[in-house]
Structure formats: structure tokens, C-alpha cells
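Please look over the model below before reading on; the paragraphs that follow go from the whole chain to its aromatic rings.

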Amino acid sequence: MADHYPPATEDYPTTERSRVRRSPRRGSHARAEVHAILDASPLCHVGYVIDGAPYVTPTLHWREGEYVYWHGSAASRFLRAAEDMPVCLTCSIMDGYVLGRSAFNHSVNYRSAMVFGTARLVDDVEEKADALRRLIEDLFPGRWDSLRPMTGQEAKATSVLRMKIDEATAKVRNGPPGDIDEADYPVWAGVLPIRSQLAPAQAAPGMPDGIALPQSLSDLIGSGRIR
């Protein structure tokens, strides 16, 4: 793409739409922080308005520079309607339950990113196929070339949209409960960490003998990360 990507040290613009109003100390407009959360989250939710009604669609996504991509069925009226429409794409990762000494001081540790832009349909056949290849390679490095080639009908049945990030906000909470002033109250308080990771692989039914789990997938499972 010919678009200029600003250095990762630069911030996204702070606007009335993207400004963090509640607990602003947890918010950031830094590109590096927004990108890190987008890249770590396995799932996003895309919000938009169709005929005056709000909709939110969960889907897999991937980021390339200042663009976020997502895909779905070409038959989806949501994807068709979202083309050339302002959308809000969000990702969130829960890192732990925070248990305070009172119900009021219970919370969660989390990382979240909210990005804004205009959805564009990737309609060039070769560009769309390459985008889907990058999705698979982003999740499972080295897998694309081992797969059965995608058919023309499969490509036709799949839509890919992309959005240039115009505005973005990251928000993070990470720490113990904020009620140290009540430390003498006789109840357990602290953090219950949450860790998402891949479990041992389960082979598909009908798998021929002699086809072992690829080392790349074994390494991915052992890495402790989910993407």
C-alpha cells in the first residue's frame, strides 16, 4: 500500500469521540499500545448502524500497519451494509478478576482497544485471496502452503473488509484492588489471574494414518499464546 504509516511512537488524535472520560489515567492514544492490543486479541467486535438500528458483529481480525481487516460470508447483509460506513471496532482481553474488600471495589484487570474508521470492501479477487492468506499466516505461521487451494466458489462466498484507523483509544487496568485503606478488614482480597492459552490438539475425524501434528502448531501450543 502507498499509505504513509506514522512512527509507532506517535499518538492517534484525541477527539471528543475517542477521549477517555472515565478513569482517564488508564487510557492511551499511543499507536504502539493500540496495535499491541489489536495484535494480541483473537477476536474483535465490529459495531455499526443499519437503518437506524445498532449492530455488533464478532469476527476474527488481523492488522497490517494502520489497517485492520476482518472477514465473513459474502451473503451477510451486515457486511454488505457496512461497506463505506463509519464503524467502531473493539478488542478486549481479560487478565484477571480483582476482588476488593467490598462489592464496590471489585473490578477486572483488562486490556482493550477501540478504533474508528470507514469500512471498505476488498473486491479485487487476487487481493482478497492474498488477504485471506495473510489471515491464516497471522494465526498459524507456515500453514497456508500446506492447505488445499481455495476454490473460486469459496473465494466468491467470502467477503473481506478493511478499515484504516483514523482514531483509536487503548484502555488498560492492571493491578490489585484499590482499597488499601481497608486492609485491616478481615476478608480475602486480591487478584484471580485469567490466562487464555491453546489446549492440546484434537485431530479431526477421518484423519489418515501417518499425518502428525505439524511442528509449527506444536510450537504454537507450547508458546502459551493464542495468536
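How much accessible surface does the protein chain have, and what share of it belongs to carbon and sulfur atoms? The surface comes to about 13600 Å², with 55% belonging to carbon and sulfur atoms, as computed by the Shrake-Rupley method with a 1.4 Å probe. This is a predicted model, in which local features need pLDDT of at least 70 and side-chain atom pairs count only at pLDDT 80 or more, while totals for chains, interfaces and linings use all residues. Residues are numbered from 1 along each chain as its sequence is written, and side-chain values use heavy atoms, with hydrogens and water left out.

The C-alpha trace of the protein chain spans about 65 × 50 × 35 Å along its principal axes, and 33% of the 227 residues count as buried, a term that stands for under 20% relative accessible area. Among contacts (heavy atoms within 4.5 Å) between residues at least 6 apart in sequence, 72% join residues at least 24 apart.

Turning to the rings, a search of the whole structure finds one aromatic pair, a pair being rings of Phe, Tyr and Trp (its six-membered ring) whose centres lie within 6.5 Å. The pair formed by W62 and Y69 is stacked because the ring planes are at 15°, where stacked requires planes under 30 degrees apart; the ring centres are 5.4 Å apart. W62 is buried at a relative accessible area of 1%, and Y69 is likewise buried, at 1%.

Y69 also has R134 over its face, at 5.4 Å from the ring centre, and elsewhere the charged end of R31 sits over the ring of Y12, 4.1 Å from its centre. A charge sits over a ring if NZ of Lys or CZ of Arg is within 6 Å of the ring centre and within 35 degrees of the ring normal.

How values were computed: Rings of Phe, Tyr and Trp (its six-membered ring) pair if their centres lie within 6.5 Å; planes under 30 degrees apart count as stacked, over 60 as edge-to-face and the rest as tilted. Buried means under 20% relative accessible area, exposed over 50%, partly exposed in between (1.4 Å probe, protein chains only).
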